[in-house]
Amino acid sequence: MTEIPFYWEEFLRRPPITVCPVTVRKALAGKRILITGAGGCIGSSLAQACRHLNPAALVLLDSSEKSIYDLDSHLGDGHHSLVGDVCNEALLEEVFSAFRPQVVFHAAACKHVPLMEKNAFTAAYTNVLGTQSVLRATARYGAEQLILLSTDKAAGPCSVMGATKRVAELLVLANHSRTQAKAVRLGNVLGSSGSVVPLFEKQIASGGPVTITHPQAARYFMTLSEAVSLLQAAAALSVHSTVLVPPLNGPHRIEELARFLMEKHHRPVEILYTQLRPGEKLQESLLSEDESLETEPEGTLRRVLFRSMPETELQLRMDALEQALRTRDLGLLLQSLTALVPEYRPSADLLQKVPTS
């Protein structure tokens, strides 16, 4: 995917986040690299960036045949393309046994907030059990590190997507293997597939109106190249079982973004305010209320400080979540998620779908 052809710095009102290429090359060049969710926006851009580092092996895994086909066609030779589900532990066993990846970028996830409110089981299955399966495989095969792509929506979540990504972070924090497991909370990537920028551009091109949920709705934004750089920066850090946050200013009001795009395209159109959808916040945050940041940054990233969950407690709650997925018990699933993430408040729409006995 390519970024929008004008300068995002003007909208973000900050210099672009960059990392030292020498540091990145030292961490990744000549390594065996696996990228899950490689067909997605960030995954495919990460694959292209890693390819330039001359890895010993570049393994690209995605559940979407079309996404992998498109990426495969774009990259040409010199990598291994696989279609499969990260929740399939037998498949992961084959992949890790065959390629012995040293660095794993785990980008496979369900990310669309309103859509996942309607598909809670799929969100938990992919975001939680998928992460658990990949972590187990990295431990069994002694991978040097795993970098989980997390999201600001994992901080004080009010959506199923955010809650399941927060549980994925908890699994990273509970990692006791030799693998350096790290989660990086990214903001909204400007122009990514399924994001607000392509929608606004389509609405502006057609003469409007541009639809915005609320005049005060605000989000953290970053560019695609920044997201890739931050993930590579995380790989260059020697830290263990931690959550990392980038230096993002904001959040920016979504209306500001809409007006910025109108100005760039020289097409002012009407703005139509709708309403927040189930699971959406008015304003995002990079930290939950009980979290803080380490004083000293780790290069371009800072570590998040919070109380960890006892391992036995985490396992009991994970067992309940897995039971909920096996039986497709929505009440038990939400109960498990709120036990794992006490700050999570399921949406009223979701609670209404819980069968009453």
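Q: What does E93 touch, not counting residues up to four places away in sequence?
A: E93 touches R140 and Y141. Contact means heavy atoms within 4.5 Å.

Q: Where does E93 lie?
A: In helix α5, residues 89–99. Helices (H or I, at least four residues) and strands (E, at least two) are DSSP runs, numbered from the N terminus.

Q: How far apart are E93 and V104 in space?
A: 14 Å, C-alpha to C-alpha, and 11 residues apart in sequence.

Q: What kind of model is this, and what are the ground rules?
A: This is a predicted model: local features need pLDDT of at least 70, side-chain atom pairs count only at pLDDT 80 or more, and totals for chains, interfaces and linings use all residues. Residues are numbered from 1 along each chain as its sequence is written, and side-chain values use heavy atoms, with hydrogens and water left out.

Q: What pLDDT does the protein average?
A: The average is 93, and 98% of the residues score at least 70. pLDDT is the predictor's confidence in each residue, from 0 to 100. Over residues 1–5 the pLDDT is below 50. That stretch still has 14 contacts in the model beyond near neighbours in sequence.

Q: Switching to α2. Which residues of this helix are buried?
A: V24, A27 and L28, in a helix that runs over residues 21–28. They sit on the same side of α2 because they cover an arc of only 80 degrees around the axis. The arc is that of the directions from the helix axis to the C-beta atoms.

Q: Which residues are exposed on the other side of α2?
A: V22 and K26.

Q: What do the buried residues of α2 pack against?
A: β1 (32–36), β4 (103–106) and α10 (224–235).

Q: What follows α2?
A: G30, with a positive phi near 75 degrees.

Q: On to α3. Why is it largely enclosed by the rest of the structure?
A: Because eight of the 11 residues of α3 (residues 41–51) are buried. Among them are I42, S44, L46 and A47.

Q: What about E65, buried or exposed?
A: E65 is exposed, with a relative accessible area of 63%.

Q: Last topic, pockets. What volume does the second largest pocket have?
A: About 310 Å³. On a 1 Å grid over the protein atoms alone, a pocket is an open set of points where a 1.4 Å probe fits, with protein on both sides within 12 Å along at least five of seven lines. Grid points are joined across faces, edges and corners, and a volume is the space filled by probe spheres set on the points.

Q: Which helix supplies the largest share of the lining?
A: α12, with four residues. Lining residues have an atom within 4 Å of a point. They include Q132, R136, H176 and M318.

Terms used
Buried < 20%, exposed > 50% of the residue type's maximum accessible area, 1.4 Å probe, protein only.
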